[in-house]
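Reader: I have a structure to study for my course. Could you help me read it?
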Amino acid sequence: MHQINQVYINGQFVTPYGEELFDLFNPATAQRIGQVRLADERDASDAISAAKAAFPAFSRTTKAKRVDHLRRMHAAIESIEAELTAAIIEEYGAPVSRASWMAKHAASVLGDAAAVLENYDFTRQIGIARVTMQPLGVAGLITPWNSNAGFICGKLAAALAAGCTAVIKPSEMSAIQTSIVTRALHEAGLPPGVFNIVTGRGETVGAVLSTHPDIAKVSFTGSTSVGKQILRAGAETLKRITLELGGKSPVLILDDADLKHAIPMALQAGFMNSGQACIAGTRILVPDHRLAEVEALLVEEVAKVHAGDPNDPNTSVGPMVSLKQWQRVQRYIQVGMEEGAHLLAGGPGLPEGVNAGWFVRPTVFSRVTNQMTIAREEIFGPVLSIITYTSEAEALAIANDTPYGLQAYILSSNPQRAHVLAAQVDAGRVLINTLAHEPRAPFGGFKQSGIGREYGTFGLEAFLEPKSVLS
Ligand code: NAD
């Protein structure tokens, strides 16, 4: 049993004032695997005080010094890759190939930020003004459970690169990953107070971060509804706020696409991270006259998708993170059937051969309209919708007819045509014939998928404020 009893404040592991014990589960077995003692409001305030005290000195450190810090943090996280991978599988249920990518990603974001910082000029001359990019102050960083270690390291990397100090509130459901990451980051030997990590509930620790006058910036990844609450709460002190929220990403399969390649890629885009991905391609838009072909290929391809034991290298869809999340996904499958969508693959209940854990059958609905609930709301599970269109203009209209705008995919054998379409899709990222990630390019959403950008220079500048000195 894992017993996590401490939080990290001012460079030390301390027992929190908070006394609530929160159960941790293995989602693949639904067994309890440990407990975390949660921080409360007083712990959050102590962490903010420590970060505030550390800010004046840290904000004046040289670029070279901060690059050095980031490189040591990178090495520290790299050194725990195996342990972190195991924790991601045990506590979150990510299939082993995904979990190992996630652990590597947690390290690489620190190296990426070091490289961005090395090449970034904090001052520039604009006319008679000397413009300096200045760190904002203490940053509150709030992460979700679907890539907790990666978000802790990514947000922290950008904040520290800018010269901000930080208080991190990780997801309470990811405490084992957090404790492994915290130990490693501690080993990197940064000055006390520069970063503080307090696992607690959103309504307590998260709420303190979004209202406290000494927090200058909040960077949040999570649901759109909580993002809106944070934005409202932060308005009182005019906090700078970055929100990375939900999505309902379209996968536009054009009529010239080679379906033998496009269909497996669409499924990968939809089922990535077991469907618990804000960037999952959940609305597959196909030309009406190719529907029969698409349906036949999809049935074939979904049959090859293995949902089950995350330790099995053949598994690509692991369990949902919690019983609550499993019930939510089951409810959406039910709603899809009730609203008249055609169940092409999967359906309610557990996958064949699985009798424990929070597993969902990889599910594809066909003949979905863009007005159905399953096409409008983020399900956050392996449940996809096929929607037909009759013209490219209609495909584009459907793609953009959503409150979200995080990511879109275009699959076509004509890249030029795909680029013309990409320019008209309302999404922060458009992937043409690829599922690749570009860590130097900005990432974030249009519309209700968020505000602001992470990664690369844009991500660094989200923690900076320009100051013009005229002479
Ligand atoms: P969530 O919004 O419930 O929680 C996210 C974090 O916010 C957690 O740490 C939680 O404790 C905290 N929180 C909850 N209430 C809070 C409050 N009132 N004030 C401050 N903090 C609070 O989301 P979740 O269930 O953890 O994650 C799933 C959601 O996150 C999905 O909707 C998904 O789309 C979204 N998500 C988005 C991205 C992205 O990059 N855009 C990435 C991953 C997940």
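Author: Axes are lines fitted to C-alpha atoms, for helices over the stretch in contact, and angles run from 0 to 180 degrees between N-to-C directions. Helices (H or I, at least four residues) and strands (E, at least two) are DSSP runs, numbered from the N terminus. This is a predicted model, in which local features need pLDDT of at least 70, side-chain atom pairs count only at pLDDT 80 or more, and totals for chains, interfaces and linings use all residues. Residues are numbered from 1 along each chain as its sequence is written, and side-chain values use heavy atoms, without hydrogens and water.

Reader: At what angle do the axes of H2 and H4 cross?
Author: The axes of helix H2 (residues 63–78) and helix H4 (residues 96–118) cross at roughly 165 degrees and come within 8 Å. H2 is therefore roughly antiparallel to H4, a term for angles over 145 degrees.

Reader: Which residues of H2 and H4 make the contact?
Author: Among them are Val67, Leu70 and Ile77 of H2, with Ala107, Leu110 and Ala114 of H4; contact means heavy atoms within 4.5 Å.

Reader: On another topic, how is the protein divided into domains?
Author: Domain 1 comprises 2–245 + 449–470, and domain 2 comprises 250–432; these bounds come from an automatic or database domain assignment. Their C-alpha centres lie 31 Å apart. The contact takes 22 residues from domain 1 and 30 residues from domain 2.

Reader: And how much helix and strand is there over residues 18–469?
Author: Over that range the chain is 42% helix and 21% strand, with the end C-alpha atoms 45 Å apart.

Conventions
Parallel < 35°, antiparallel > 145°, perpendicular 65-115°, else oblique.
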